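Please look over the sequence and the model below before reading the report.

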Amino acid sequence: MSYKLPMGPYHPGLEEPYKLEMICEGETISDAKLHIGFNFRGIEHLAETRNYVQLIALMERVCGICSFIHTFTLCQALEKLTGLEPPPRAQYIRVIMAELERLHSHVLWAGIAAKLMGFKTMFMACFAYREQVMDILQAISGNRVNYSMNRIGGVNRDITDPQAILNMVKGLESAITSELVPVFTTSWTARTRCAGVGILTHDKAISCGVVGPNARASGVAQDLRRAAPYAAYAEMDFDVPVQPDGDVRARLLVRALELLESCRILRQALEKLPAGDFNCGEPKMVFMTGTAISRVEAPRGEVLYSVSWKQNARNPSRVHVRTPTYVNMPAVRWMVQGARVADAPLIQASVDPCYSCTDR
Amino acid sequence: MTETDPLMERLEVGDVASDISGVKWFAAGDLNPRQLAESLQKQGARFVTITAYELPGEEGFCLEYLWDLNGQLLGFSNKVANKAVPSVFDICEAADWIEREIHEEYAIEFTGRTYEPLLLREGDTPGVNLHEVSK
């Protein structure tokens, strides 16, 4: 006999509110429905009532983890509408900040996944590593969460001592390489809880339009940093880790390997940081009439901003944000089918969901 | 097609009307979203999103469909008459949530599909979040 089992909107296994309504046969999940909207804030509508300065501050608050990425994507769209081109140093600083954000997002996710695996020691270790990344972000921007780094035509703050940041990155890379990645890739706990669990097949990943590490863990080799390079990514040498299995372990491996690739990009960007200005100064902002679309590879996958502006208008006429979790979460339905109820919290967490972004 | 574009030559339908800041936009012509979805799906393009715009006056709405083909963003703009447009959900599973969201926010009907609430709760009315509140 089948029964319905709701998980959420408020549940110890969820970091943010959403509802997974599972249909179970005994301990096995046969199907599931997802409900979002518990964090709906109407940010897209609010954006239509803000000028370009306020808009950047507002969109930084779409997500607490990827706050830099959101303003980065927004500013790229606004730069298309104003014709302002950020100087090379600004492009490098954007790459550095984006990769630091990827590091702290992936390490945070690893900690939460460890907690849900019952691997509490690793949870504490991950949060200690994350603190090191937060220290670097704070050293650059002065802030730990909303960095206020982006502006139209560049960034607000320079990296005045790249060598000091490089030394911090090298220390972090050493800890990640020697401790975090080996534990996650070889430990018995991680392997037994994750291998063969929550499988998203390659075909299903494609039909659901899944993005980011979730797609790459199902063998879909897509990464905007490589496929449609922006900022200074075309000048960076890095690999895009791809795993074929589509299970929770594959998602864990992809993110672990991406930590190392992020460190590799950070080293290159800090060593090659070009001299010069880090923004376009204070030019008069003249917006062209039209729509500009910008995409960035966030830690969770592709973020897209579509911004429409009418010339001489104070505010945008439309801002649409398509976040990665928005396209990744529907795939949870397919991941949990056939899984045990006890694995549901880990499976949904393996997507690295962000409902703050999703609900906007 | 005004110039030879190997990427676009692979597509079965539609000409590229314009390339605006990195997005190749299809000319609307006789195309509809379903034809385009079928063709792009066959080519291995990934559905990205739909952006809904309210047009000035009584003009209604415009839906912009975005697809990604090997890193190239492809766009198709479609005016919505009578607040109804054929759904592409049966062709393209990835369009499910965004069609439901647009239905709930703007009360646009995507015909040929059934809905379950996405952002709304029981008793809420579609079309009040962005569209009606701003009036």
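The model is a predicted one.

**A helix pair in chain A**

Helix H4 (residues 88-117) of chain A packs against helix H5 (residues 120-141) of chain A at an angle of about 160°, and their axes are 8 Å apart. Angles over 145 degrees count as roughly antiparallel, so H4(A) is roughly antiparallel to H5(A). The crossing in which H4(A) passes H5(A) is left-handed. On the H4(A) side, the contact residues include Met97(A), Leu100(A), Leu103(A), Val107(A) and Ala114(A). On the H5(A) side, they include Phe123(A), Phe127(A), Val133(A), Leu137(A) and Ile140(A). By type, the residues of this contact divide into 17 nonpolar, 2 polar and 3 charged.

**A sheet in chain A**

Chain A also has an open sheet of 3 strands in the order E6-E7-E8, with antiparallel pairing. Strand E6 (290-298) and strand E8 (318-322) of chain A each have a single partner strand and stand at the edges, so one side of each has no neighbour in the sheet. On average, neighbouring strands of this sheet are turned by 10° against each other, direction ignored. Strand E7 (residues 301-309) of chain A runs antiparallel to E8(A) and is joined to E8(A) by 5 bridges. One bridge pairs Tyr305(A) with Val321(A) in E8(A). Helix H3 (residues 67-82) of chain A packs on the sheet, where it touches E6 and E7 of chain A. The direction of this helix makes about 150° with that of E6(A).

| Elements | Angle |
|---|---|
| H4(A) and H5(A) | about 160° |
| H3(A) and E6(A) | about 150° |

**The contact between chains A and B**

How many residues does each chain give to the contact? Chain A gives 24 residues and chain B gives 22 residues. Several elements of chain A each supply at least two residues of the side that touches chain B, among them helix H1 (43-47), helix H8 (202-208) and helix H12 (324-328). E6, E7 and E8 of chain A also each supply at least two. The residues on this side of chain A divide into 12 nonpolar, 8 polar and 4 charged.

**A buried helix in chain B**

In helix H3 (residues 96-106) of chain B, 11 of the 11 residues are buried, so this helix is largely enclosed by the rest of the structure. Among the buried residues are Trp97(B), Ile98(B), Glu99(B), Arg100(B) and Tyr106(B). Ala107(B) follows H3(B) and has a positive phi, near 60°.

Terms used. Residues are numbered from 1 along each chain as its sequence is written. Chains are lettered from A and ligands numbered from 1 in the order in which they are written. This is a predicted model: local features need pLDDT of at least 70, side-chain atom pairs count only at pLDDT 80 or more; totals for chains, interfaces and linings use all residues. Axes are lines fitted to C-alpha atoms, for helices over the stretch in contact, and angles run from 0 to 180 degrees between N-to-C directions. Helices (H or I, at least four residues) and strands (E, at least two) are DSSP runs, numbered from the N terminus. Angles under 35 degrees count as roughly parallel, over 145 as roughly antiparallel, 65 to 115 as roughly perpendicular and the rest as oblique. A crossing is left-handed if the near helix is turned anticlockwise from the far one by less than a right angle, and right-handed if clockwise. Two residues are in contact if their C-beta atoms, placed from the backbone, lie within 7 Å. Ala, Val, Leu, Ile, Met, Phe, Trp, Tyr, Cys and Pro count as nonpolar, Asp, Glu, Lys and Arg as charged, and the others, Gly among them, as polar. Two strands pair if DSSP finds at least two bridges between them. A residue is buried if 20 or more other C-beta atoms lie within 10 Å of its own, exposed if 12 or fewer, and partly exposed in between; C-beta atoms are placed from the backbone.
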